[in-house]
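The sequence and structure are shown first.

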Amino acid sequence: MDQKTDDLIQAFVAEGNDFEDWVPSYSIAPTDVTPIIRERKRSDSGEVTRTIDAAVWDFHPSFMKESKRPQINARIETVATNGLWKGAFASSRCIVPMRGYYEWSEFEESGKTLKQPHFIHGEPSTLAAAGIYTARKVNDAWVVSTAIITREARDASGEVHDRMPVFLVPDVYDEWLSPEKLATEAEREGMVSLLQDISSGVASTITTYAVDRRVNNSRMIDPQDSDLIKPVETV
């Protein structure tokens with residue numbers, strides 16, 4: 001992600017100053033903090049506000065025990081029915097903004113199998129991935145966490161990996177972010193169908209190119225280094 005907070009505010013027509021200490025990152029790993037856009041209804045006035053907030057990329061509702069594996073992706077095929085996701089899908093939906101994302105392919109070199117990272121991105125400078133979020137209390141503080149909804153990959157993204165995020169277009173932001181609960185099975189199925197249709201269209205605009213293999217080690221790189229998403233030549 002390489003947009004400043006003010007740019008995100010303008011792109012998603014959200015209120016500002018909710019995530020003031022956020023700085024753009026070109027490498028966000030599971031359990032890192034990322035910005036999300038969400039809508040909530042104020043209990044006192046009933047007013048709905050759209051804000052940019054910090055969320056941990058590791059979906060962790062209060063009822064879930066500690067897990068060794070971060071819960072980062074929710075499959076669209078089961079997001080409306082699986083017990084871990086369905087409550088958030090019904091009433092706690094969000095957008096995870098991103099410049100793009102990384103996936104890896106394998107190749108042989110000197111008898112070894114190595115991984116080549118690819119940067120997958122779209123025509124708009126900021127992509128809007130459909131996400132869900134939850135909040136739980138840790139000690140005396142509320143911690144918001146999120147997962148990205150994924151689908152089978154199509155077009156260029158499918159050349160690198162078999163899954164991809166579900167991407168939205170501005171026309172459906174209001175419907176997706178609405179805090180009104182999807183109370184019936186028909187409403188939830190309708191939302192899944194909308195996601196499938198919209199994301200299929202966005203998938204056709206996705207492109208990909210190889211990037212430096214430094215991306216393979218997220219602990220050893222500077223996440224603010226924009227060179228991480230520069231294209232490189234491969235053998």
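Two strands are said to pair if DSSP finds at least two bridges between them. The model under discussion is predicted. By that criterion, β5, β6 and β11 make up an open sheet of three strands, in the order β5-β6-β11 and with antiparallel pairing. β5 (100-109) and β11 (207-210) are the edge strands; each has a single partner strand, so one side of each is left without a neighbour in the sheet. On average, and with direction ignored, neighbouring strands of this sheet are turned by 35 degrees against each other. The antiparallel contact of strand β6 (residues 112-121) with β11 consists of four bridges. Within β11, Thr-208 is the bridge partner of Ile-120.

**Overall dimensions**

The chain has four helices and 11 strands. Its radius of gyration is 18 Å, close to the 18 Å that the globule rule gives for 235 residues, so the chain is as compact as a globular protein of that length. Along the principal axes, the C-alpha atoms fill a box of roughly 65 × 40 × 35 Å. Of the 235 residues, 46% count as buried. The accessible surface of the chain is about 12600 Å², and carbon and sulfur atoms account for 47% of that area. Where contacts join residues at least 6 apart in sequence, 65% of them link residues at least 24 apart.

**Pairings of β8**

Strand β8 pairs with β3, with β7 and with β9. The table lists these pairings.

| Strand paired with β8 | Sense | Bridges |
|---|---|---|
| β3 (residues 73-75) | parallel | three |
| β7 | antiparallel | eight |
| β9 (residues 163-165) | antiparallel | three |

Ala-74 has Ile-149 of β8 as its bridge partner. Gly-131 stands opposite Ile-148 in β8. Arg-151 is bridged to Met-164 in β9. β7 and β8 also form a hairpin, with two residues between them. In the turn of this hairpin, Asn-139 has a positive phi of about 60 degrees.

**Nonpolar cores**

Which residues have the most contacts inside the largest nonpolar core? They are Phe-89, Ile-95, Ile-132, Ile-149, Leu-168, Trp-176 and Leu-195, in a core of 33 residues. Two or more residues of this core come from each of α1 (5-12), α2 (86-91), β7 (127-138), β8 (141-152), α3 (173-177) and α4 (185-203). Apart from it lies another core, which has 21 residues, including Val-96, Met-98, Ala-129 and Met-164.

**Surroundings of Arg-136**

Arg-136 is found in strand β7. With its neighbours within four places in sequence left aside, Arg-136 is in contact with His-60, Pro-61, Ser-62, Glu-66, Ala-141, Trp-142 and Val-143. Contact here means heavy atoms within 4.5 Å. How far from Arg-136 is Ser-45 in sequence and in space? The two are 91 residues apart in sequence, and their C-alpha atoms are 24 Å apart.

How values were computed:
Residues are numbered from 1 along each chain as its sequence is written. This is a predicted model: local features need pLDDT of at least 70, side-chain atom pairs count only at pLDDT 80 or more; totals for chains, interfaces and linings use all residues. Side-chain values use heavy atoms; hydrogens and water are left out. A nonpolar core is a set of buried Ala, Val, Leu, Ile, Met, Phe, Trp, Tyr and Cys residues joined through side-chain atoms within 4.5 Å. Buried means under 20% relative accessible area, exposed over 50%, partly exposed in between (1.4 Å probe, protein chains only). Axes are lines fitted to C-alpha atoms, for helices over the stretch in contact, and angles run from 0 to 180 degrees between N-to-C directions. The radius of gyration is taken over C-alpha atoms; the globule rule is 2.2 Å times the number of residues to the power 0.38. Accessible areas come from the Shrake-Rupley method with a 1.4 Å probe; for residues, only the protein chains shown count as cover.
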